[in-house]
Each structure stands twice: as structure tokens, then as C-alpha cells.
Amino acid sequence: MAEKYHIVTYGCQMNVHESEKMAGILHQMGYEETAKKEDADIILFNTCCIRENAENHAFGNIGALKKLKKQKPNLLIAVGGCMTQEKGKTDILKKKFPFIDIMFGTLNLEELGNLIARKKAQKKKVIEIREKEGEIVEFDDAYRTSYPNAWVNIMYGCNNFCSYCIVPYVRGRERSRKPEHILNEVKKLVAAGYKEITLLGQNVNSYGTDGKVKTSFAQLLDEVASIEGKFRVRFMTSHPKDFTEDVVKVMEKHRKICRLVHLPVQSGSNAILQAMNRRYTREKYLDEIAMLKSRLPEAEVTTDIIVGFPGETEEDYLQTEDLVKTVDYASAFTFVYSKRQGTKAAEMDGQIPEDIQKDRIMRLVELVNSLTRKKSEKYLGKSVEILCEDYDEKKGLYLGRDEFGRMGYFKSEKNLIGKFVTLKINKANGISLFGEIERIED
Ligand code: SAH
Ligand code: SF4
Ligand code: F3S
């Protein structure tokens, strides 16, 4: 019988996709997937360290395996991802959880197969973290679990060193994948029936500026969207310091590109933006949105916001609220600032007490939700094309998203996963829409 693996993933879409690559390596080795940890021969944690609670989740779940490992001494426990890549973290993990067998980082995930083989041949644990990024290793055999959506990396790493952020320390410098590799991957995915391609990078707008390739992000996006077939194209994340009109012009040219831009603003206060090392102002940000909407009036914007950054006054916070109202976001991810060791912001004066952080995040979430709700109501009676991506057993309904990421639910006798379905919306419930099928298209 084949050995089984179970992967637990934390963090962003980049990590979710990297878990698909790890799963691909395990399949090549003959492993099969299991949804139950108890049945697994190897349990793999793909960790995140963006905020303290992401780390705490992983700590909790790794710790909980102590008993299982005792009962099943041959069970392999492997930990990879951004947390193990963090300086000094493997020592902490080793001390806290001596039963971990394998640790690896973000910069050598392609070695996973070798590391497992090495561990099987020796008693000692295998810890292999690479300090510096090497050349990109192309890997075609990701085991994708997200049909009809597919993630495609266009670049790795980040050069921006926003003062609060750990990512540049755990992902290395920016490296762009060759356009021909990206285009081939997308073509294959489309031919295999994938209907939504999301181009991934920490800062997609700086694609190609590392000197490794001669194509700009706008050119790449143009080429991806020129591939034949009915599918959607998304991209994330855009950094406002680099978001330019050439990208919007390409969006205008291709209806395949969703009219949604994820443009993380982080704060509405220029003083805080400067302390965050974001390298744009509130005014420049608002100009970009005006530029986007002048070319694509129907376009929507989503964002990420941090509250409680060191030195943030009530006045600064209110400027964030004001900006949120001005932009009228389709939705927003809101975070409480989390101090990350080794970053500039961790050393700053004026760290904000927890009660003030909590108060601000609650007010902001309330505001964001009210905007999202209002937008949902505008959908009532309208026809909306969604890409059906799943079936919700509890609700007994199929679901999918429109191009703006809005979730739509509907009833169907037939399995419509992977189809474009036009719904007539008859109910809007907070952020979710409900409707009846008007039209089905492949
Ligand atoms: N590269 C992307 C985002 C990567 S992390 C970008 O630049 O937008 C995703 C989000 O996590 C960030 O946009 C930010 O809002 C949030 N984040 C990053 N570090 C954080 C920290 N130390 N505390 C709280 N939120 C953080
Ligand atoms: Fe972090 Fe800033 Fe890089 Fe985004 S751009 S990953 S927030 S350092
Ligand atoms: Fe993503 Fe978390 Fe790493 S957000 S890049 S998995 S630190």
C-alpha cells in the first residue's frame, strides 16, 4: 500500500500554491494524500510568520502531534515555509518539539524529496535551511487542489522592506520567472480546463526589474491574456509605489482580466506610510485609483490595512477611516500590527497598547463591513457571471465568485464546478449573494 501524506498550510496564496508543489513532489515519490492526520505516514506543516498568531497556530498544531508521534514512531513530521526560514527559528522549534524529523525553508523546498530520503536512511533529524536564494528551479508537477482556479508564480521574493514586514527576510530578493515558462504553464493549465489563472508575486508590478528578464509586468499580462480560450486572469499583489497606467491599459484591452485590483494601502496617514517605508503618499494612492477608474469606471479595488503601527495616533487612524470611505473598497483585509523580530518597526518608539489596537480594529472592521454590505445590496435584481468553484454541503448549494471576488450561491441538480454561470441575484446576505441560474457557459 502506498504511503500517505497530510499537509497543513498557513499563510498566503503563495504558500497555498507552494503546498501544491510539495504535494507534487510527494506524489512523484509515490505518496498519496489523506485528509486524516492519523492515517498519514508523513505530516508536513507549511508555515507562515507574517503575524504572531500565524506562528502560534503552527506551534499549537505541531505540539498537538506529540502523542501521535509516540503511538506511531515511524510517522515523519516535516516543517517548512516562512517560519523555518526565519533566523533562529529552527533552534526554537528543535527545543520545543524534539520530535520534528525534517525542517526546510522557503528557499529549498524543491529539495523536499531528497530530505525525506535522507531522513529515512538515518536516525538523526534532517535540518536544511538555505541562507541565500539560488536560481529559480522550475517545477511543472504541482498537485493542484484548487480547480477551476490555478495559481501561477511569476516571481519570488521581495525587495521592499516595508518596516513592519518579515517577508523580505524569509523569501529572499526578487527573482522573476522567465516569461516563456510562465506562458507555457498558463497554456497548459488552460488546455487542462482551468478557468481562472492568478499570477502571483509579492509585488507583481516590479516583475522584470531584477534584470533577469526583459519583459515588463504589463507585457507579461498582455501575453497571458492573449492566450486563446475562455478563462479569467487575476494578479496579486500590486504595490501602489509601482502601479502604473500601462497595466490598466492592458486591462482595458482584455476583457479576460478581472476588473479588480488588490492594492494594499496599509494606512491613510502620510506620516505612518512614511514610517512604514511604503514609498507612496495618500495623494499618490488616490491618484492611482482615479487613473484606474478613469479608464475602467466599473473597476473595484480591494486592500490590506494595518492598524496600531508604532506611533499611530487617533488622528492617523481616522485618516485611514477617511481613506477607506473615499475609495469605497469592494473588501479589505484588516490586521492589527504584529511586532516581528528583526524588522525596523520592532525597534520603533511608540508601540501601541493592545487595548487601543483592539478598539481601532473593531471600528475599522465595522466600517469595512458596512461598505461591503452596501455593495452587496446593489447586486439585487442584477445578472452576475460567476465561476462555479465548489459545492457547499451544509447549504446544499453550489458557489462561485464574480470577477470582483463576490461569492454567489445557487441551486443546481447538475455539478457545475468549472463552468461560468450567470445568476439572477435575488438575495444579498452581508457579503454573500444568492441567485438563480440564467445561463450556463463552458
Ligand atoms: N506583498 C504584499 C503583501 C504581503 S503580506 C504587499 O505588499 O501588499 C499581506 C499583508 O499582511 C500585508 O499587506 C500587510 O497588510 C499585512 N502584514 C504584513 N506584515 C504585518 C505585520 N507585521 N503585522 C500586521 N500585518 C502585517
Ligand atoms: Fe512585505 Fe512590503 Fe514586501 Fe509586501 S511589499 S511583502 S508588505 S515588505
Ligand atoms: Fe505568505 Fe506568510 Fe510567508 S503571508 S510569504 S506565508 S510569511
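Tutor: Let's start with a sorting rule: Ala, Val, Leu, Ile, Met, Phe, Trp, Tyr, Cys and Pro count as nonpolar, Asp, Glu, Lys and Arg as charged, and the others, Gly among them, as polar. One thing to keep in mind as we go is that this is a predicted model.

Student: How does the lining of the largest cavity split by class?

Tutor: Eight of the lining residues are nonpolar, four are polar and eight are charged. Helix α1 (residues 13-28) provides the largest share of that lining, four residues.

Student: What about pockets? Which residues are closest to the centre of the second largest pocket?

Tutor: A pocket is an open set of points, whereas a cavity is one the probe cannot get out of. The second largest pocket has a volume of about 450 Å³. Among the 20 residues lining this pocket, Gln85, Glu86, Lys87, Glu131 and Tyr169 are the closest to its centre. By class, the lining has seven nonpolar, seven polar and six charged residues. At least two lining residues come from each of α4 (82-85) and α7 (167-171), and α7 gives the largest share, three residues.

Student: Now the ligands. Which residues are around ligand 3?

Tutor: To read a ligand's shell, list its residues and then sort them by class. Around ligand 3 you'll find Cys12, Asn15, Cys48, Cys49, Ile50, Cys82, Arg171 and Gln202. That shell is made of five nonpolar residues, two polar and one charged.

Student: And which residues surround ligand 2?

Tutor: The residues surrounding ligand 2 are Cys158, Asn160, Phe161, Cys162, Tyr164, Cys165, Val167, Pro168, Gln202, His239 and Arg278. Seven of these are nonpolar, three polar and one charged. Notice that Gln202 turns up around ligand 2 and around ligand 3.

Student: I spotted Phe161 there. What is the phi of phenylalanine 161?

Tutor: Backbone angles are worth a look residue by residue. Phenylalanine 161 has a positive phi, about 45°, although it is not a glycine. You'll find this residue in the loop between β8 (155-156) and α7. Phenylalanine 161 is partly exposed, with a relative accessible area of 30%. Arginine 279 is another case: its phi is positive too, about 65°, and it is not a glycine either. Arginine 279 sits in the loop between α11 (270-275) and α12 (282-295) and is partly exposed, at a relative accessible area of 47%.

Student: Where are the cis peptide bonds?

Tutor: For these, look at omega. Tyrosine 147 and proline 148 are joined by a cis peptide bond with omega about 5°. Proline 148 belongs to the loop between β6 (126-128) and β7 (149-153). Another cis bond joins methionine 236 and threonine 237, with omega about 10°, and threonine 237 is in the loop between β11 and α10.

Student: Let's go inside. Which residues touch the most other members of the largest nonpolar core?

Tutor: In soluble globular proteins, nonpolar side chains tend to be buried together. In this model the largest nonpolar core has 56 residues, and Ile197, Leu199, Phe217, Phe235 and Tyr285 touch the most other members. Helix α9 (residues 217-225) gives the most to this core, six residues. A separate core of 25 residues includes Ile43, Phe45, Ala54 and Ile100.

Student: Why is α9 largely enclosed by the rest of the structure?

Tutor: Buried means under 20% relative accessible area. Seven of the nine residues of α9 are buried, so this helix is largely enclosed. Those buried residues are Phe217, Ala218, Leu220, Leu221, Asp222, Val224 and Ala225. Their cover includes α8 (179-191), β10 (196-200), β11 (232-236) and α10 (245-253). Leaving out residues up to four places away in sequence, Phe217 touches Ile154, Leu199, Val204, Asn205, Tyr207, Phe235 and Val247.

Methods. Residues are numbered from 1 along each chain as its sequence is written. Chains are lettered from A and ligands numbered from 1 in the order in which they are written. This is a predicted model: local features need pLDDT of at least 70, side-chain atom pairs count only at pLDDT 80 or more; totals for chains, interfaces and linings use all residues. Side-chain values use heavy atoms; hydrogens and water are left out. A residue is near a molecule or strand if one of its heavy atoms lies within 4 Å of it. A nonpolar core is a set of buried Ala, Val, Leu, Ile, Met, Phe, Trp, Tyr and Cys residues joined through side-chain atoms within 4.5 Å. Buried means under 20% relative accessible area, exposed over 50%, partly exposed in between (1.4 Å probe, protein chains only). Contact means heavy atoms within 4.5 Å. On a 1 Å grid over the protein atoms alone, a cavity is a set of points where a 1.4 Å probe fits but cannot get out, and a pocket is an open set with protein on both sides within 12 Å along at least five of seven lines; lining residues have an atom within 4 Å of a point. Grid points are joined across faces, edges and corners, and a volume is the space filled by probe spheres set on the points.
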